[in-house]
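Welcome! Keep the picture in view as you read.

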Amino acid sequence: MNDLEPVDALDIELRVNGSAVRRRVPVRRLLSDLLRDDLSLTGTHVGCEHGVCGACTVLLDGQPIRSCLQLAVTADGCEVTTVEGITPADGSLSPLQAAFRDAHGLQCGFCTPGFLMTLVAADPAEHPTDGSIDALLSGNLCRCTGYQNIRTAVRRAWGRDDEGNASAGSDTPLGSGTSSGSGAS
Ligand code: FES
Ligand code: FES
């Protein structure tokens, strides 16, 4: 092949939620489309498709990114984690997910995977105040909840009471860390 010929597709290898994935991918294919359409990981939602709403947030090598802005070929050699990857394999909820449920931190749920992926990558110690939680979540938009219950869910998941103070006897933040789960092939 001539070096100057346009390349339409590339072979990539990555890990998605702990599983190896090999695909020939059109060079213009978005990571969000690879996840949703090729790997059936539809927990990653696509809202605005131009980097504003945060619904498509996934982790790329542990860092939250907008998968609607990322070309799939740029994930070659990377570890991608989606909301399916932080969900226990037995079908239960992670502590962070349970906190969202218990605090009514969602209504329609469309935004929720993006919030969860932003939060799971965060260090609670770096967000000691409600203001810093709000700043952390400012890149995720929710049209339903008004954000108060989302903040309450984060407080509870991070071992704080509903005033934002550390709860007595609760010194183990529950929001950080990921676990590998099913959902990729
Ligand atoms: S769908 Fe990616 S930021 Fe909105
Ligand atoms: S719960 Fe509906 S958009 Fe957030």
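Which residue follows α1, and is its phi positive or negative? The residue after α1 is Ser40, and its phi is positive, near 60°.

## Before we start

This is a predicted model, in which local features need pLDDT of at least 70, side-chain atom pairs count only at pLDDT 80 or more, and totals for chains, interfaces and linings use all residues. Residues are numbered from 1 along each chain as its sequence is written, while chains are lettered from A and ligands numbered from 1 in the order in which they are written.

## The overall plan

The protein chain holds five helices and five strands. Both kinds of element are DSSP runs numbered from the N terminus: helices are H or I with at least four residues, strands are E with at least two. Read from the N terminus on, the order is β-β-α-β-β-β-α-α-α-α.

Of the 185 residues in the protein chain, 42% are buried. A residue counts as buried if 20 or more other C-beta atoms lie within 10 Å of its own, as exposed if 12 or fewer do, and as partly exposed in between, with C-beta atoms placed from the backbone. Among contacts in the protein chain with a separation of 6 or more, 61% link residues 24 or more positions apart. Two residues are in contact if their C-beta atoms, placed from the backbone, lie within 7 Å.

## The sheet

Now look for the strands. Five of them form an open sheet with mixed pairing, in the order β2-β1-β5-β3-β4. Two strands pair if DSSP finds at least two bridges between them. At the edges are β2 (19-26) and β4 (63-66), each of which pairs on one side only. On average, and ignoring direction, neighbouring strands of this sheet are turned by 40° against each other.

β3 runs antiparallel to β4, and four bridges join the two. Val58 has Ile65 in β4 as its bridge partner, and Leu60 stands opposite Gln63 in β4. The two strands form a hairpin with two residues between them, and Asp61 in the turn has a positive phi of about 50°. β3 is also joined to β5 by two bridges, again in an antiparallel run, with Leu59 opposite Thr81 in β5.

## Helices that lie against the strands

Helix α1 (residues 31-38) has Leu31, Ser32, Leu34 and Leu35 as its buried residues. Seen down the axis of α1, these residues fall within an arc of 165°, so they line one face of the helix. The arc is that of the directions from the helix axis to the C-beta atoms. Among what covers the buried residues of α1 are β2 and β3.

Helix α3 (residues 112-120) lies across β3 and β4, running at about 35° to β3. For such angles, axes are lines fitted to C-alpha atoms, for helices over the stretch in contact, and the values run from 0 to 180 degrees between N-to-C directions.

In helix α2 (residues 95-102), the buried residues are Leu96, Gln97, Ala99 and Phe100. They line one face of the helix, because they fall within an arc of 160° seen down the axis of α2. Their cover includes α3 and α5 (148-157). After α2 comes His104, with a positive phi near 55°.

The axes of α2 and α5 come within 8 Å and cross at roughly 140°. The two helices are therefore oblique to each other; angles under 35 degrees count as roughly parallel, over 145 as roughly antiparallel, 65 to 115 as roughly perpendicular and the rest as oblique. Where they meet, Pro95, Leu96, Ala99 and Phe100 in α2 touch on Ala153, Arg156 and Ala157 in α5.

## Two buried loop residues

Which loop holds Val73? Val73 is found between β4 and β5 (79-81), and is buried, with 20 other C-beta atoms within 10 Å. Leaving aside neighbours within four places in sequence, Val73 is in contact with Leu10, Ile12, Val25 and Val27. The C-alpha atoms of Val73 and Asp11 are separated by 8.0 Å, although the two are 62 residues apart along the chain.

Gly85 lies in the loop between β5 and α2. Gly85 counts as buried because it has 26 C-beta neighbours inside 10 Å. Its C-alpha atom is separated by 7.8 Å from that of Gly18, which is 67 residues apart from Gly85 along the chain.
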